[in-house]
Amino acid sequence: MKILISGTGRMGCAVRDAIAEHPGAEISAMIDENSLDVLSGGKLADVIIDFSHHSMLPVLLEHSRRTETAIVVGTTGIDDELMDKLRANGGYAPTLYSSNYSLGIAVMKHLLPGIKAVLGDQFDIEVCETHHNKKVDAPSGTAKSLIEALDPEGEYKLLYGRQGECGARTKKEIGVHSLRGGTVAGEHTVSFFGTDEVLEVTHRAFDRRIFAKGAVTAAIKLADKPRGFYTLDDLLFEN
C-alpha cells in the first residue's frame with residue numbers, strides 16, 4: 001500500500017516513522033506547501049495522510065476527488081466551510097476526518113454521553129485542555145469533539161474562560177479552558193462537579209507518536225472502504 005504524507009513537520013515525520021512499522025506499507029511522497037505541484041498529475045498513492053496546514057487542504061481534496069484517492073485528515077483549524085468540503089469529498093473518495101487519532105480519546109468520547117445521561121443537570125461540566133506552546137489554535141479540535149459528545153444538540157452555552165463579574169454559573173453551561181506551555185503533547189479533562197463530589201475523566205498523551213500510529217492504522221483500513229465520509233469511530237467501532 002502506498003501512502004502520501006502531506007506535512008513535513010513534527011506530525012508528518014511521526015507518520016513517516018509509523019508507516020515504517022507496517023509491513024506492506026510504503027511512502028510514495030512526502031510533501032509540503034512548496035511541493036503542491038506534484039498533485040496536479042495522476043494518482044500518487046492509495047491513501048493520503050494529511051497533518052499539514054489547513055490552507056493546503058483544498059488542493060489535497062481536489063487531488064483526492066479527481067483521482068479518487070482515499071484521504072485521512074488530522075489537520076487542525078478547520079472551519080465550517082472546509083468541513084463542508086471534507087464531507088462533500090466523501091462523494092468521490094473515502095474521506096476520514098478526526099481531530100484526534102488516539103484510541104483513548106475515541107473511547108473517552110463514547111463514555112461521556114453515558115456519564116452525562118446519568119448525572120443530568122445535577123453536575124456542572126467543565127472541559128480543560130493543555131497543549132505545547134507551539135499550538136496555534138484554541139480550544140483544541142479534540143476539546144471541541146468532546147463538547148460535541150457531551151452536547152450534540154448544542155443546548156449548552158459555552159463559556160471560554162472566566163474573568164471579572166461573569167455571574168453565577170448556570171446549569172446549561174459548559175466552561176472551556178485552554179492551557180499552553182512547554183512540550184505537552186496533549187491533555188484533556190472533562191470534570192463533572194456535583195454536591196460534595198467530583199468525577200473527572202482525563203486522557204493524557206505523552207508522545208505525538210500515538211496520533212501518528214492511529215492515523216496510519218486508520219489509513220490502512222480506509223483504503224479498502226467505499227467512497228463516503230467517515231469518522232474514526234466508524235472504523236474503530238465497526239461491527
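Begin by selecting Glu68, which sits in the loop between α2 and β4; helices (H or I, at least four residues) and strands (E, at least two) are DSSP runs, numbered from the N terminus. The model is predicted, so local features need pLDDT of at least 70 and side-chain atom pairs count only at pLDDT 80 or more, while totals for chains, interfaces and linings use all residues. Residues are numbered from 1 along each chain as its sequence is written, and side-chain values use heavy atoms, with hydrogens and water left out.

Glu68 is not a glycine, yet its phi is positive, about 55°. With a relative accessibility of 47%, Glu68 counts as partly exposed, given that buried means under 20% relative accessible area, exposed over 50%, and partly exposed in between (1.4 Å probe, protein chains only). For another residue of this kind, select Asp196, in the loop between β9 (186-194) and β10, where phi is positive at about 65° although Asp196 is not a glycine. Asp196 counts as exposed, at 82% relative accessibility.

Next, show helix α2 (residues 57-67) together with helix α3 (residues 80-89), whose axes lie 10 Å apart and pack at an angle of about 10°; axes are lines fitted to C-alpha atoms, for helices over the stretch in contact, and angles run from 0 to 180 degrees between N-to-C directions. That angle makes α2 roughly parallel to α3, since angles under 35 degrees count as roughly parallel, over 145 as roughly antiparallel, 65 to 115 as roughly perpendicular and the rest as oblique. From α2, Leu57, Pro58, Leu61, Ser64 and Arg65 meet Leu82, Lys85, Leu86 and Asn89 of α3, where contact means heavy atoms within 4.5 Å.

Stay on Asn89 in helix α3, which is buried with a relative accessible area of 1%. Apart from neighbours within four places in sequence, Asn89 is in contact with Leu61, Ser64, Arg65, Ile71 and Thr95.

Now turn to helix α4 (residues 103-119) and helix α5 (residues 141-150), whose axes come within 8 Å and cross at roughly 30°. This makes α4 roughly parallel to α5. To see the residues that meet, select Ile105, Met108, Lys109, Leu112, Pro113 and Lys116 in α4, and Thr142, Ser145, Leu146, Ala149 and Leu150 in α5. In the loop between β6 (124-131) and α5, find Pro139, which a cis peptide bond joins to Ala138, with omega about -5°.

Selecting Ile49 shows contacts, beyond neighbours within four places in sequence, with Ile3, Leu4, Ile5, Ser6, Val15, Val72, Ala215, Val216 and Ala219.

Finish at Arg208, in the loop between β10 (197-205) and α6. Leaving aside neighbours within four places in sequence, Arg208 is in contact with Arg10, Met11, Ala14, His132 and Ala185.
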